[in-house]
Amino acid sequence: AVLQEFLGRKELDKHLDADEAIVLGAALHAANISDGIKLNRKLGILDGASYALVIEYGGSDLVLEKNSKELLVPRMKKLPSKMFRSLTHSKDFEILLSYDTSEAFPPGISTAEISRYEISGLTAASDKYRFRNLSSPIKANLHFSLSRSGVLSLDRAEAVIEISEWVEIPVKNTTLENTSVLTSNISSEANNEGVSDESKENLENETVNLNQSSTNMDEMNKTEVVTEKKLKRRTFRVPLKIIDKTVGPGMPLSKEFLAEARSRLEALDKKDAERRRTAELKNNVEEYIYATREKLEASGDIEKVSTEQELLSFLEKLNEVQEWLYTDGENAPAGEFKNHLDLLKSIGDPIFFRLSELTARPAACELAKKYFDDLEKVLREAENTKNWLVEKEDEQGKTSEFSKAMFTSEEVYERLANLQEKVASVNRIPKPKPKIEKPLKNITANNKTKDPDSSESASPVEPSMEESPPTPDADGSPSDGKNEKEANKDVDSSQRDDGKSETAFHDEL
């Protein structure tokens, strides 16, 4: 009925979900006050104080024009807000912040008092300035803030002291100003056309006299400055000290209590970390057992690298650890799980390493043999090129320089380019692709532990390169389709270890 009367409606809609309304309102309010979320326009959301708050003054010789208790924050005051109160007083005093007793308290609150503060330093400031000519009584200004959460706090306090003093102020010399004005007028008259020579002489004489008088005035001003006294008002603002004297539910936490609470939180964090570590190690042991069994069942070459007795002993150990895992190991510490996992790996990893070597070792040997064969072809080609060069140099030595040359530099460069291309093709022989095993069912990549003796880390087989194997040219030499210039560039960067440029290399030849 109250809502109907306030909204002016006969019936109220009942399709609004209260939980959704709270969540949506909180999200929109957070977006309004957030710096990281940009809205096309600010939503018109205003929050107000849920309860009215009052302030009460107390202290010796405190005389108030009104009641010592006054309303500071009315109910539904806009959040956040700043408040200001001024008190005419010259001695230290106290203030009390509390709920308005004329309205209901928040749930669970038994007392109206929120916080109590002592304002000190006002007496000392009053004693310091009491012999000055005070133009108004000393005041104490209190600055409050109401946060977005509706928390009221006293930010700062200051004493405001206004005094009146006689101050000497220099007086303007009107005679000097008139002289300067007159001089400027005479100068303007002298510059006007149509003035006789006699008049100009008279003006010049007057200017000289005025300049002499102005010089005398400047000397007088330097020696004696004319001042006058004026009454000026000055304001001093002295920061006051705020001492928190709150007791009860609103009392701030002590350093000892905070230190004790921090130590309790740190102890709980350590327990949580140990619990997570224990669960992770337990999961690793369980995964290793299931993955190892599946490997042993799926591999047909396991008997080639392990004896029957060794396999049976390993399987018994797996069963033993699995039985312990679901019985006595339910509440075991992390250290025991780690010890059992290390024990199983010390038995199983050497077996799986030997199993991986069954395929990795022949592949490595085949790659080495292929490399040696290609290298021998290149060496034979290099020997043939060397013999051809020696033979041509001997023939050229027996031939006169006036005769036709037996060979040219272009032929040498062409043979060297062919040789360099073959050397580069040998270096581009791809490594064999490792055997890719299908992922096991109960294994996650994140929980796999790498061990120096494990089959995966100890296998010498490296991942294959992405280049495709070289295809033979027309003359039978391997090539990857690069032109002659690219081949020369590859060989120049990879084969020459003397750091010489191509020009120097040709010059030596």
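Student: What makes 26% of the 509 residues of the protein count as buried?

Tutor: A residue is called buried when its relative accessible area is under 20%, exposed when it is over 50%, and partly exposed in between, using a 1.4 Å probe and protein chains only. By that rule, 26% of the 509 residues count as buried. This is a predicted model, in which local features need pLDDT of at least 70 and side-chain atom pairs count only at pLDDT 80 or more, while totals for chains, interfaces and linings use all residues. Residues are numbered from 1 along each chain as its sequence is written, and side-chain values use heavy atoms, with hydrogens and water left out.

Student: Why is N141 called buried?

Tutor: N141 has a relative accessibility of 8%, and because buried means under 20%, N141 counts as buried. The place of N141 is in strand β8, where strands (E, at least two residues) and helices (H or I, at least four) are DSSP runs numbered from the N terminus. In that numbering, the protein has 13 helices and 13 strands.

Student: Which residues are in contact with N141, leaving aside its neighbours within four places in sequence?

Tutor: Contact means heavy atoms within 4.5 Å, and on that basis N141 is in contact with F84, R85, S86, R156, A157, E158, V160 and R237. One of these, F84, is 57 residues from N141 in sequence, yet the two are 7.2 Å apart in space, C-alpha to C-alpha. As for the protein, among contacts between residues at least 6 apart in sequence, 73% join residues at least 24 apart.

Student: Why do β5 and β10 stand at the edges?

Tutor: These strands belong to an open sheet of four, in the order β5-β8-β9-β10, with antiparallel pairing. Both β5 (81–88) and β10 (227–239) have a single partner strand, so one side of each is left without a neighbour in the sheet. Neighbouring strands of this sheet are turned by 25 degrees against each other on average, direction ignored, with the angle taken between N-to-C directions, from 0 to 180 degrees, of axes fitted to C-alpha atoms (for helices, over the stretch in contact).

Student: Which strands form the open sheet of five?

Tutor: Its order is β3-β2-β6-β7-β11, and the pairing is antiparallel. At the edges are β3 and β11 (241–244), each pairing on one side only. Inside this order, strand β6 (residues 93–99) and strand β7 (residues 113–120) pair over six bridges, and L97 stands opposite S115 in β7.

Student: Why is the pair of Y371 and F372 called edge-to-face?

Tutor: Rings of Phe, Tyr and Trp (its six-membered ring) pair if their centres lie within 6.5 Å, and planes under 30 degrees apart count as stacked, over 60 as edge-to-face and the rest as tilted. The structure holds five aromatic pairs. In the pair of Y371 and F372, the ring centres are 6.5 Å apart and the planes stand at 65 degrees, so the pair is edge-to-face. Y371, with a relative accessible area of 30%, is partly exposed, and F372, at 48%, is partly exposed as well.

Student: How do you know that the charged end of R415 sits over the ring of W388?

Tutor: A charge sits over a ring if NZ of Lys or CZ of Arg is within 6 Å of the ring centre and within 35 degrees of the ring normal. The charged end of R415 is 4.2 Å from the centre of the W388 ring, and K295 lies over the face of F352, at 4.8 Å from the ring centre.

Student: What is the phi of M76?

Tutor: M76 has a positive phi of about 65 degrees although it is not a glycine. Most residues other than glycine have a negative phi. M76 is found in the loop between β3 (69–73) and β4, and M76 is exposed, with a relative accessible area of 52%.

Note on methods
Two strands pair if DSSP finds at least two bridges between them.
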